[in-house]
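Work through the exercises below with the sequence and coordinates open. Try each task before reading its solution.

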Amino acid sequence: MARVESFAKRLNGRVMEIRHPTIEDAEHLRSLYLELLGNTFASILPPEAIIAFESDWTTELIAQSSVGENCVVIGAFNDANNALGLLFGGTPEGGVGTIVWLGVHTDHRSSGIGRALMEAGFETYRALGCHKVKLYANSDKIVEFYKHMNMVIEGRHTRHWWGVNTHSLAKFLD
Ligand SMILES: CC(C)(COP(=O)(O)OP(=O)(O)OC[C@H]1O[C@@H](n2cnc3c(N)ncnc32)[C@H](O)[C@@H]1OP(=O)(O)O)[C@@H](O)C(=O)NCCC(=O)NCCS
């Protein structure tokens with residue numbers, strides 16, 4: 001699988017590594033995933049969605065996806081290897097990559113981690129031969145973040161997954 005180089009960034013005075021995870025990182029990413037579901041996405045999505053998503057992206061799936069050919073998984077880690085940010089993406093289809101989850105721990109937002117993860121995600125999909133990356137967003141605030149990442153709105157989906165209004169956004173890589 002094509003992989004971006006791991007790179008250390010100094011964000012707000014702390015050294016942060018943005019990289020593809022190892023199998024040993026899977027539990028840390030799973031903890032962050034659950035933190036994001038409980039503390040962030042629970043205010044956007046209905047309880048039944050949160051319950052369903054809790055049994056998705058298990059530690060085993062994250063470990064397999066981190067080292068396998070099929071998914072794009074990138075983490076932001078501090079020097080103790082705790083995960084402070086994650087990007088989970090799917091296998092490219094017809095030159096289109098799909099970012100499924102993006103999140104930064106609530107205590108570590110506005111430090112540049114989200115941008116670093118998005119740029120690493122775009123770079124990874126480009127290295128995989130993709131011409132386009134797409135994703136879905138459920139809140140106006142997050143749509144503005146993705147527009148700031150030079151993505152464009154491609155569609156509005158009324159009462160979409162879990163009955164929630166959703167935007168689809170995309171970025172062309174070529
Ligand atoms: C959205 C999220 C990933 C952004 O991560 P972050 O680490 O806080 O963002 P960054 O500090 O890297 O910000 C990067 C840039 O985006 C800008 N930005 C951040 N949030 C923004 C927003 N809501 N609207 C517009 N711009 C925004 C920043 O000002 C910064 O600009 P600059 O790099 O040009 O100076 C983070 O807030 C998060 O995890 N939110 C909750 C989870 C979520 O909703 N994920 C998306 C699911 S669809």
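This is a predicted model: local features need pLDDT of at least 70, side-chain atom pairs count only at pLDDT 80 or more; totals for chains, interfaces and linings use all residues.

**Exercise 1. Two loop residues**

In which loop does Arg 159 lie?

- Step 1: Arg 159 sits in the loop that links β7 to β8 (166–172).
- Step 2: its phi is near 45°, a positive value in a residue that is not glycine.
- Step 3: count neighbours. Arg 159 has 9 C-beta neighbours inside 10 Å, so it counts as exposed, the limit being 12 or fewer.
- Step 4: turn to Asn 150, placed in the loop between α5 and β7 (152–157). Phi of Asn 150 is also positive, near 65°.
- Step 5: Asn 150 counts as exposed because it has 10 C-beta neighbours inside 10 Å.

**Exercise 2. The fold as a whole**

Solution. 

- Step 1: count five helices and eight strands.
- Step 2: read them from the N terminus as β-β-α-α-α-β-β-β-α-β-α-β-β.
- Step 3: compare sizes. The radius of gyration is 15 Å, close to the 16 Å that the globule rule gives for 174 residues, so the chain is as compact as a globular protein of that length.
- Step 4: take the extents. The C-alpha trace spans about 40 × 35 × 30 Å along its principal axes.
- Step 5: take burial. Buried residues are 33% of the 174.
- Step 6: take contacts. Among those with a separation of 6 or more, 62% join residues 24 or more positions apart.

**Exercise 3. Strand pairing around β5**

Solution. 

- Step 1: β4 and β5 run antiparallel, joined by five bridges. Leu 87 stands opposite Leu 102 in β5.
- Step 2: inspect the link. The two strands, β4 and β5, form a hairpin with six residues between them, and Gly 94 in the turn has a positive phi of about 55°.
- Step 3: β5 and β6 run parallel, joined by three bridges. Here Val 96 stands opposite Lys 132 in β6.
- Step 4: follow β6 to Val 133, which belongs to this strand. Val 133 is buried, with 25 other C-beta atoms within 10 Å.
- Step 5: list its contacts beyond four places in sequence. Those of Val 133 include Gly 97, Ile 99, Phe 122 and Leu 173.

**Exercise 4. The nonpolar core**

Which residues of the largest nonpolar core touch the most other members?

Solution. 

- Step 1: the core holds 39 residues, and Ala 76 and Leu 117 touch the most other members.
- Step 2: find the suppliers. Elements that give at least two residues to this core include β2 (14–19), α1 (26–39) and β3 (72–77). The most come from α4, with seven.
- Step 3: check Ala 76. Beyond its neighbours within four places, its contacts include Met 16, Ile 18, Leu 84 and Leu 117.

**Exercise 5. The ligand shell**

Which element gives the most to the shell around the ligand? Describe the shell too.

Solution. 

- Step 1: α5 gives the most, with five residues.
- Step 2: at least two residues each come from β5 (96–104), α4 (113–127) and α5 (140–148).
- Step 3: of the 17 residues around the ligand, Arg 109, Gly 114, Arg 115, Glu 144 and Phe 145 come nearest.
- Step 4: Six residues are nonpolar, seven polar and four charged.

Note on methods
Residues are numbered from 1 along each chain as its sequence is written. A residue is near a molecule or strand if its C-beta atom, placed from the backbone, lies within 6 Å of it. Helices (H or I, at least four residues) and strands (E, at least two) are DSSP runs, numbered from the N terminus. Ala, Val, Leu, Ile, Met, Phe, Trp, Tyr, Cys and Pro count as nonpolar, Asp, Glu, Lys and Arg as charged, and the others, Gly among them, as polar. The radius of gyration is taken over C-alpha atoms; the globule rule is 2.2 Å times the number of residues to the power 0.38. A residue is buried if 20 or more other C-beta atoms lie within 10 Å of its own, exposed if 12 or fewer, and partly exposed in between; C-beta atoms are placed from the backbone. Two residues are in contact if their C-beta atoms, placed from the backbone, lie within 7 Å. A nonpolar core is a set of buried Ala, Val, Leu, Ile, Met, Phe, Trp, Tyr and Cys residues joined through C-beta atoms within 7 Å. Two strands pair if DSSP finds at least two bridges between them.
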